[in-house]
Amino acid sequence: MKVLVINAGSSSCKYQLFEMDSESVLCSGLVERIGDPTGTLVHKIAPGTGKEKTVRLEQHFTTHVEGMREMIRLLTDPEDGVIKNKAEIFAIGHRVVHGGEDVTMPTVIDAKAKQMIRDNFIFAPLHNPANLMGIEVAETLFPGVPNVGVFDTEFGMGMKADAFMYPLPYSLYEDLRIRRYGFHGTSHKYIARKTAQFFGKRPEDVNNITCHLGNGCSMTAVRGGVCIDTSMGLTPLEGLMMGTRCGSIDPALVPFIMDKKGLSAIEADTLMNKQSGLLGICGTNDMRDVHAKREKGDNKAQLAFDMAVWRVKKQIGAYMAILGHVDAIVFTAGIGENDAFLREKACKGMEDLGIVIDVQENSTRKSGVRVISKLESKIKVLIIPTNEELEIAQSTLLVLGK
């Protein structure tokens, strides 16, 4: 049974085709610069295997329709295609960023679901319109194939009001639905399930803290498989320090900076989302470059690293407090899975709290799920590679009763 997973952006379309019987990726690809004079399509057959083959195209894609038609051509190519025709695709799962309070689980796309996505354009103006466009293009090119929306905000709907409400006038929640939603939910949900599998338990019987650390960073406290708190808020800006986002700051800084620097609201938003974080402190948003610079004695790069670690450590402590009992702290995503030094520093000095990292095991590169804490550590420290696309594919089948 084959499921196509689509993540449509405003000028891009990322896809993976899964054979769900083996949960293997038949092919993956990315169409970029849709609408530009010259766009690109990189299509990989059997990615991550010894049989991997890459096809790269450069051409003008007027709209997402042209990009996805080219995707279908490559999927069904007589020589290198992974399926004979598009009728082999059982269902299509779509990443959708914001479902508001209406979405508590993945949803079959129908007129009501599409309207709900439109209703939340206000919260994700760059993403939801593009996600909906990808859905509508898929409906056109794959008539009769069911489409399912899997929402980044869904997992955050496990939070109760004391966690998701802001201490602002309650009328703002009633009128504008201002609250904390949380993001990266598909990743956090996948990791919660994989953590339970590691312990050989049901998700209902496991508490974990997930550290999704990449260019965008978020952490989630999971009790019994349910999100009870997450670091991102109304938007992905709240919480940890990130590649270009400042994360949580004193809100009074915003009008202060706007007044002193003469910034508009849009300019202030750009400063916080695109010019801050690692980039704002040391000039690069790539943690690999931060390490390279600090190892050469760059004090600002060292500061940026230390600030990022400090905030992760603080969040771990906060989530330990609200969870009470913690089975595991899990690192995932690009930085979480690959940056041994950050993991070591984030866990250092927490032995009295039951966290004892194994420095040698942590620094050894291995694939798959693994333990990087010592045997005497009361709380396991794990690395679990995230797989949001597989989670979307699995959720798609689950919603459709397969």
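This report describes a sheet and a pair of packed helices in a predicted model.

## The six-stranded sheet

The model contains an open sheet of six strands, arranged in the order β11-β10-β9-β12-β14-β13 and with mixed pairing. Because β11 (226-230) and β13 (370-371) stand at the edges and have a single partner strand each, one side of each is left without a neighbour in the sheet. Helix α11, formed by residues 299-323, packs on this sheet and touches β9 (207-213), β10 (217-223), β11 and β12 (328-332), while the direction of the helix makes about 15° with that of β10.

## Pairing around β14

Strand β14 (residues 380-383) runs antiparallel to β13, to which it is joined by two bridges. Across this pairing, Val 371 stands opposite Leu 382 in β14, and Arg 370 stands opposite Ile 383.

With β12, by contrast, β14 pairs in the parallel sense, over four bridges. Here Phe 331 stands opposite Ile 383 in β14, the residue that also stands opposite Arg 370.

## The packing of α1 and α3

Helix α1 (residues 64-75) packs against helix α3 (residues 128-141) at an angle of about 55°, and their axes lie 10 Å apart. The angle makes α1 oblique to α3, and the crossing of the two helices is right-handed.

On the α1 side the contact is made by His 64, Val 65, Met 68, Arg 69 and Ile 72, and on the α3 side by Met 133, Gly 134, Val 137, Ala 138 and Leu 141. Sorted by class, the contact of α1 with α3 has seven nonpolar, two polar and one charged residues.

How values were computed. Residues numbered from 1 in each chain as written. Predicted model: local features only at pLDDT ≥ 70, side-chain atom pairs only at ≥ 80, totals over all residues. Heavy atoms only, no water. Pairing = 2+ DSSP bridges. Contact = heavy atoms within 4.5 Å. Axes fitted to C-alpha atoms, helices over the stretch in contact; angles between N-to-C directions. Parallel < 35°, antiparallel > 145°, perpendicular 65-115°, else oblique. Left-handed = near helix turned anticlockwise from the far one by under 90°. Nonpolar A, V, L, I, M, F, W, Y, C, P; charged D, E, K, R; others polar.
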